[in-house]
Amino acid sequence: MDDTILVRALHLLAIVHWIGGVSFVTLVILPLARRAGTAGVDLFERIEHRFAAQVRISIPMAGATGFWMTHRLNLWDRFADPAFWWMTAMVAVWTLFMAVVFVVEPLLGRRIAAAAHAAPEVLLGRALKLHLILLLVSALTILGAGAGGHGLLFF
């Protein structure tokens, strides 16, 4: 089981980087950018661009390590058990972020940037609301996974 210990540690590292970054962007960068108007859009775009390059590694790493642990420990049946709702939630959060980072942003990035420069407060306000929702769902999933992974049964 030594490989599982290493993979679990890599999984946690990926999650901390990815969701920690989402937290920082949501709770620090977006509010600052929103108050700064057009200059804030430029700041947000620069920071987000650098962070997006990093999460293009940590998000797939989280998915690969999560899959490996599920396969190696034969945990597939947990997806059918409501007590392990957090397993499905982890996959759903991961899938959503994969879609945003690898599909939505590349396809709509220029259009979103143009809209941000045209009406910075509106777009940054929407971005903040969306990020808050994503962060809340992610935090609840992490809370459920942390508790459930250590034996708390929810049903």
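Trainee: What is Arg78 in contact with, leaving aside its neighbours within four places in sequence?
Mentor: Arg78 touches Phe84, Trp86 and Met87, with those neighbours left out. Keep in mind that this is a predicted model.

Trainee: Where is the place of Arg78?
Mentor: Arg78 lies in the loop between α2 (38–72) and α3. Helix α3 covers residues 85–118.

Trainee: How far apart are Arg78 and Pro106?
Mentor: In space, 34 Å, C-alpha to C-alpha. In sequence, Arg78 and Pro106 are 28 residues apart.

Trainee: New topic. How many salt bridges does the structure hold?
Mentor: The count is 1 salt bridge. Arg72 and Asp3 form a salt bridge through their side chains, at 2.8 Å, N to O. This pair links distant parts of the chain. Arg72 sits in helix α2 and Asp3 in helix α1, 69 residues apart.

Trainee: Why can side chains like that pair at all?
Mentor: Opposite charges can pair when the charged atoms come close.

Trainee: And how accessible are Arg72 and Asp3?
Mentor: Arg72 is partly exposed, at 35% relative accessibility. Asp3 is partly exposed too, with a relative accessible area of 27%.

Trainee: Take Arg35. Which helix is it in, and is it buried or exposed?
Mentor: Arg35 is in helix α1. Its relative accessible area is 66%, so Arg35 counts as exposed. The cut-off for exposed is over 50%.

Trainee: What about nonpolar surface? Which residues make a patch there?
Mentor: Phe102, Val103, Val104, Leu107, Leu108 and Ile112 do. Together they make a nonpolar surface patch of about 490 Å².

Trainee: Pick Val103. Where is its place?
Mentor: Val103 is in helix α3. With a relative accessible area of 43%, Val103 is partly exposed.

Definitions and conventions:
Residues are numbered from 1 along each chain as its sequence is written. This is a predicted model: local features need pLDDT of at least 70, side-chain atom pairs count only at pLDDT 80 or more; totals for chains, interfaces and linings use all residues. Side-chain values use heavy atoms; hydrogens and water are left out. Helices (H or I, at least four residues) and strands (E, at least two) are DSSP runs, numbered from the N terminus. Buried means under 20% relative accessible area, exposed over 50%, partly exposed in between (1.4 Å probe, protein chains only). Patches are made of residues with over 30% relative accessible area and no salt bridge: like charges are joined within 9 Å, nonpolar side chains (Val, Leu, Ile, Met, Phe, Trp, Tyr) within 5 Å. Accessible areas come from the Shrake-Rupley method with a 1.4 Å probe; for residues, only the protein chains shown count as cover. A salt bridge is a side-chain nitrogen of Lys or Arg within 4 Å of a carboxyl oxygen of Asp or Glu. Contact means heavy atoms within 4.5 Å.
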